[in-house]
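Please look through the sequence and the 3D structure shown here before reading the notes that follow.

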Amino acid sequence: MNEYIEVRLNLQARLSPEDRFEIEDAIDEMLQRGHLGEVTGGGTLMSAEGEPEECDVDMNLIDKAAVEKVSAMVNRMGVPKGSSLIAGDDSFTIPVGTLEGLAFYANGAELSPELYQAFDINQLLDDMEKAMGGAGRIYSHWVGPVYLGVYFYGESYSEMYGKIKAIVSSHPLCQKCRIEQIA
């Protein structure tokens with residue numbers, strides 16, 4: 001019987017459990033196709049308010065060479081900087097990740113009701129993603145008691161921010177918003 005290496009991919013990504021499932025499925029498909037192993041589970045660490053902070057994808061890989069292949073594979077997929085592959089017994093850690101993150105927090109509770117009725121947050125987010133022009137895209141979101149957090153990942157936080165700055169400074173739904181670099 002083949003002994004697998006238990007490996008955890010720690011993603012420094014703010015992904016809802018549903019969005020993490022999509023990443024798990026994509027990784028599992030690549031592992032199965034390459035005969036490298038399989039995804040065995042995962043989890044999402046949430047803040048006290050319920051906001052995703054980071055996630056894990058658990059895998060059984062066929063050998064240490066498969067770990068190196070998975071490292072290259074997840075970097076091609078695009079994962080945030082600060083992520084890592086960790087052996088189950090912590091015997092080794094491989095840093096992975098090339099993407100930077102931008103969290104946009106729209107205030108969903110403290111603006112006038114007329115603004116929320118007059119403007120569509122989904123249109124605003126579509127406009128922001130289009131303005132990024134491929135420099136970044138939405139990976140996930142979170143709805144909190146006051147803020148809607150939307151998580152964009154791309155090659156450069158500065159470039160993503162620069163491309164949406166004009167929208168953020170002029171759109172009525174961006175009043176009282178916050179923007180943070182998250183990776």
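Predicted model: local features only at pLDDT ≥ 70, side-chain atom pairs only at ≥ 80, totals over all residues.

Residues are numbered from 1 along each chain as its sequence is written, and side-chain values use heavy atoms, with hydrogens and water left out. Helices (H or I, at least four residues) and strands (E, at least two) are DSSP runs, numbered from the N terminus.

**Helix H1**

- Helix H1, residues 17–33, has 17 residues and reaches 24 Å from its first C-alpha to its last, close to the 24 Å expected, where the expected span is 1.5 Å times one less than the number of residues.
- Asp-19, Arg-20, Ile-23, Glu-24, Ile-27 and Leu-31 of H1 are buried, a word that stands for under 20% relative accessible area, with exposed meaning over 50% and partly exposed in between (1.4 Å probe, protein chains only).
- Seen down the axis of H1, these buried residues fall within an arc of 145°, so they line one face of the helix; the arc is that of the directions from the helix axis to the C-beta atoms.
- The face turned away from the buried side of H1 carries the exposed residues Glu-18, Glu-22, Asp-25, Glu-29 and Arg-33.

**Nonpolar cores**

- A nonpolar core is a set of buried Ala, Val, Leu, Ile, Met, Phe, Trp, Tyr and Cys residues joined through side-chain atoms within 4.5 Å.
- The largest nonpolar core has 35 residues, and those that touch the most other members are Leu-9, Leu-11, Ile-27, Leu-31, Met-59, Val-70 and Leu-85.
- Helix H2 gives the most to this core, with five residues.
- Apart from it lies another core, of 19 residues, including Phe-104 and Tyr-157.

**The sheet**

- Four strands form an open sheet in the order E7-E8-E6-E9, with antiparallel pairing, where two strands pair if DSSP finds at least two bridges between them.
- Strands E7 (136–143) and E9 (178–181) stand at the edges, each with a single partner strand, so one side of each is left without a neighbour in the sheet.
- Seven bridges join E7 to E8, and the bridge partner of Arg-137 in E8 is Tyr-153.

**Glu-51**

- Glu-51 has its place in the loop between E2 and E3, and at 12% relative accessibility Glu-51 counts as buried.
- The C-alpha atoms of Glu-51 and Arg-14 are separated by 7.9 Å, although these residues are 37 residues apart along the chain.
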